[in-house]
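This briefing sets out selected features of the structure shown below. Topics are taken in turn, beginning with a contact between chains.

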Amino acid sequence: MTTADVASRLDIVDLSRSFGETKALRSATLRVAPGEIHSLAGENGSGKSTLIKILSGVLRPDSGTLTWEGDVKRHLTSPSGAQAMGISTVFQETLFAPEMTVRDNIFLGTDRLFRYGRRKGAELEVARQALSDLGLDGLDVDGPMWTLSLAERQLVTITRAIVRPWRLLVLDESTSALDAQQRDRLFGYLRQARSEGKSVLFTSHRMDEVLGLADRITVLRQGTTVATLAVGEASRRGILGHMSGRADTADIVSAAPAPRREAGLPQDAARVPVLRTEALTLRPSSQPISVEVCAGEILGLAGLEGQGQVEFVECLTGLRKPVSGQLAALGASGAAHPVRSYGAANRLGIRYVPRDRRHEGLFGPLSVFDNFAVTLWSELNWLGLLRRQQARKRFADFAESSRLVSASPARAISTLSGGNQQKILLGRWVAMRPRVLVVNDPLRGVDANTKEELYGLFRRLAADGVAIIYLSTEIVELLTLTDQVAVFHEGSVVAMLPSQTSSDTDVVAAMFGDEQHGGTSQVGADG
Amino acid sequence: MTDPTPVAATDGPPETSRAARQPVGGSPSNLTAVVAANFTNALPYILVPVLFILSVIFIPGYFSKASIISLLILASLLGLSSLGQTMTIIAGGIDLSIPAVIGLSDIIVTQLYYKHWSLPVIFLLIAALAILIGTISAVASVLLRVHSLITTFGMSLIVSGIALEWSNGAVNGAVPGWLTSSVSAIGKTGPIPIPAVIIVWAVASVLAVFFMNRTRIGRETYALGANAVAARLATVRSTWVKVVVFSISALCAALVGIFFAGYSGIPDPTVGEPYFFLTITAVMIGGTSLLGGRGGYLRTVMGALIVAELTTLLVGVGFSASFQELALGILVILLTSTYGRELKVAAKI
Amino acid sequence: MASVASRQARPPALATPAVRQLVQRNSYLAVPLAMLVVLFIANAIVQPQFLSQQSWAASMAVLCPTVLTAMAMTLPILSGNGGIDLSVGPMAGFITVLIAAVLVPAGITSQVIIPIVIVFGLTSGALNGVLIAYVRLPAIIATLGMYLFYQGLGTEVLPEAGGSVPVWLVKLDGSYGPIPAVWVVFAVIAVIWLLLTRGSYPRNLLSVGGDERAAYTAGVNVSRLRVVTYSLGGALAAIAGLMLTGLIQGGDGTVGPPYTISAITAVALGGIALAGGRGGLLGGAIGGTVLFLIQELLTDAHVSVYAVSVVNGIILILALALNGTVEYLRRRTLAAKRG
């Protein structure tokens, strides 16, 4: 299939859209054919989400044309209008009504305001079939949504999109919470839909998904379409190059995360433990975890969704009490201070960077500086009066070391891109000079360049003696950044793999509970 | 797997949803909207002189010292009552107990002074009670995981009940002469020919703005109102902030009650009733959002001035109290339509 | 995946989906209903005449506006996003003025008053809805404005309480035979609501209250739903005003505000989440009844008027505490069951 002369279902030409002074889209062009899975690739701030919002009827473009199955439209009137046309969208943020049942959430919006009578049996069958296709057979559809896990919720929102009659399915980062198995089932469903002549448009930050699933790829950079490639013509480097604008592939190679520092872990004598768990049990049925983390060490946490790594993180930071076991921060003299609460953890120098930027991190109406300094004021105050000069200095230092896009600190945080927002959130804790920094998937949804800069930041922190506990859903990231990876399965640590010598397969195998496949599979091995 | 974290799960419903309602990306589309947004931000500051000029035009004799002072007295009383309210709203809550505390304070001053209690003791008692009331409202809101709208509402019922019971049948009251002159149009503060209440308001305003911008608690208040969950994770002292802002609110209400006592001299527990909504009106008209996390006291100062000017204008032009209320209702809606509008649902996605 | 199924609590074998939905939808009523029963018994004990027929009718007459304004307040609160209607009280108060000082003197005294009042309520509510959904004013501000407007208008049109009301209206607070007339009113409302609940409106309402963005992106016309919601609330408040007119046998522009306050208390007592997305009209009705029974109990026990106010405040806070705690425990146990 060549890129030209493809009969199209959706044809977008020259779309533009601004928000105040920010031009989110300048000239976006996209063509999706029937029976095609099309990937929309681009860094944070490239305009992907804006384009999708226009496609789904949430936003109107400022200019450009949109042709759907031959009809030229100025814009889509509303979400229900888009759905009526056959475009089903799953948004990046998992949206659901928490108190309503799964079933009601699936059929949300399919009724008019005063539709009479209960749902027909046939409809329910469709829902059940869809859930089954996505691997959610055992789900209690009459239970409230808030009892579901993040991944289950995301799958339910995908179900919501597919139970309507659709000809184009738009998925915006819809696999972000899913584990490998769930992803595979979803892809299976998508390929099946493709063979039936339906079209899929998806965005993903995972290159393996883009290359593995898409037939054609459109790359956006700074609001403009810079390339449209068939998957056969595309390579990881090529796509990354288009996304970042770096034409020279040599640059791409050096931009790829370098392997872990050759010096490796400090020698045994120089190892200073800072955090220790003793027989920490996360769940009644899981094995106790005994780990010791040293200054300057980066410990990675991996596992399929819901296998205990998040609970472990929460225990480490005092947000959750384990079923049994102890957790202690170790002082300079070796004295052990138990960590019993979030406040205690912070006082002991254990700082936590939460996963959900929007709900747990950002203060939307406040400025960049306020977002950064909020934690500092506890330190930088004299009888309650703020030491603003010192705080400004720390901000400037951090902005430099993290290569923050030069922004006046007085700007609203909402004007920053996602990647820069994440930098500020990290900076908030880094500026507190932590002993242990616990990060929960910090680079999720962040573009490649920012990732690179932040990897550098983490490495520098470790070199300065900060112990880092790094939870991530990207295996490659874990293997290149950390010293060792603790793999979680069913609430226990089933493997402790040295990052330098382990491969993706080793980690994946451990994730699935396969203990025979390489690496140390001793539970609770320390270092 | 649990999501959100236990920290988030313990928050009362209104606060957790606030984070989702705040815009984290994007601002109104196109240039005219940006200009409009900036204009509407400045509107309260523009309205103050505009309304004043209108008053001078439509009300004969308005441009005199006596009427300006009267206007400022009105604004001072409202402004002081709204000082704490501004802070509680920025913190993401609201204080509906202000009129009740005003009434209680009025009763205590008039009756105890009549019984020859010493003034410093009376003031200390009122202050202690105010702090107690504010603390209970705040702590109840935290412990019961309930929005302060409700706990302050409940406190207002309790406090007004107590005030009514205390003043049951009492008609005797007395206040010191200097208190009466502090709210009188011809009163002086030492050598300055301005009644004390206005001076007190001016000083309090400066302190309030300084407090919100230059102290740790002030910044923590903004953080709490912007995103309660993130605030807790950022080691903001959420409970302490609430205790402080609600105590300040009650103290300001108590102060206004003392001034009101100066107005009439007789015990009147209902004297604060008009302020049930007027403080919120002053804050909103000034442009501080009920969503929390933004705005400031300077805006409320403008808001109080605008409300005072509007009331004076309407009275001066000859409208009855009923008509004033009617007109105030319409004006609240009109003014907020220009600069208090919320985001479209689409913009929150 | 086996682990997915095992993590879900298995529903009890006897519970059909319909029964489960019913229980789940109405589980918020557990505490309010308990309170209702306790208070009812308490009242019957303290004042045995409470159960007599005359007392019954009189009680219902006083109860009626309280319950109706509570129901009027319930709908906007359910719609979430800070939804509330502060104008229910003053609007009801204005209706008394409208009937006694405008319609009756103009010669309109027959039952045609009823549809006029209802249309007025629907329109006023629709105006609220438009201000909130389309002009996008915060609900508390828009309805505050309307509160002040109706207060002012009511006392402007009728500065002193007075006016006259048709006899049939006063009779509405009596009985038709053994049945208090008020029950007829409630029955009609119940029938209308039951018809609505068979359809999709309550589902849509609760979804919007749960997360308006989810509802919007799924295709629900959120703005239109809000306008409809406030309109229905306005109609209920108007009917409250109608019954109130019969109760006070005249017009009085100042009777409104206490009903706004009692409506908020009643909603809280009714187990309804103030953030929206959970609850129902029945909660408002039960909450209003609970509030009424508390007042009755206090009056019977000869508690002073002022102490009643204090107790009201404490009751409010406690009711919410109970509500909040029950919610918290419910979530905790359900989350724990999931493993």
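How many residues does the contact take from chain B, and how many from chain C? Chain B contributes 49 residues and chain C contributes 45 residues. The model is a predicted one.

**The side of chain B that touches chain C**
- Four helices of chain B, namely α2 (13-21), α7 (148-166), α13 (275-286) and α15 (321-339), each supply at least two residues of the side that touches chain C.
- The most is given by α7(B), with 13 residues.
- Sorted by class, this side of chain B has 25 nonpolar, 17 polar and seven charged residues.

**The largest nonpolar core**
- In soluble globular proteins, nonpolar side chains tend to be buried together.
- The largest nonpolar core here has 367 residues.
- Those touching the most other members are Ile468(A), Ile469(A), Val487(A), Val101(B), Ala223(B) and Ala72(C).
- Helix α12 of chain B (residues 238-264) gives the most to this core, with 17 residues.

**The surroundings of Ala72(C)**
- Ala72(C) is among the residues of the largest nonpolar core that touch the most other members.
- Once its neighbours within four places in sequence are left aside, Ala72(C) is in contact with Asp85(C), Val88(C), Gly233(C), Leu236(C), Ala237(C), Ala240(C) and Ala263(C).

**Chain A**
- Chain A has 527 residues, of which 50% count as buried.
- Its secondary structure comprises 18 helices and 22 strands.
- Of the contacts in chain A with a separation of 6 or more, 69% are accounted for by residues 24 or more positions apart.

Methods: Residues are numbered from 1 along each chain as its sequence is written. Chains are lettered from A and ligands numbered from 1 in the order in which they are written. This is a predicted model: local features need pLDDT of at least 70, side-chain atom pairs count only at pLDDT 80 or more; totals for chains, interfaces and linings use all residues. A residue is buried if 20 or more other C-beta atoms lie within 10 Å of its own, exposed if 12 or fewer, and partly exposed in between; C-beta atoms are placed from the backbone. Two residues are in contact if their C-beta atoms, placed from the backbone, lie within 7 Å. Ala, Val, Leu, Ile, Met, Phe, Trp, Tyr, Cys and Pro count as nonpolar, Asp, Glu, Lys and Arg as charged, and the others, Gly among them, as polar. A nonpolar core is a set of buried Ala, Val, Leu, Ile, Met, Phe, Trp, Tyr and Cys residues joined through C-beta atoms within 7 Å.
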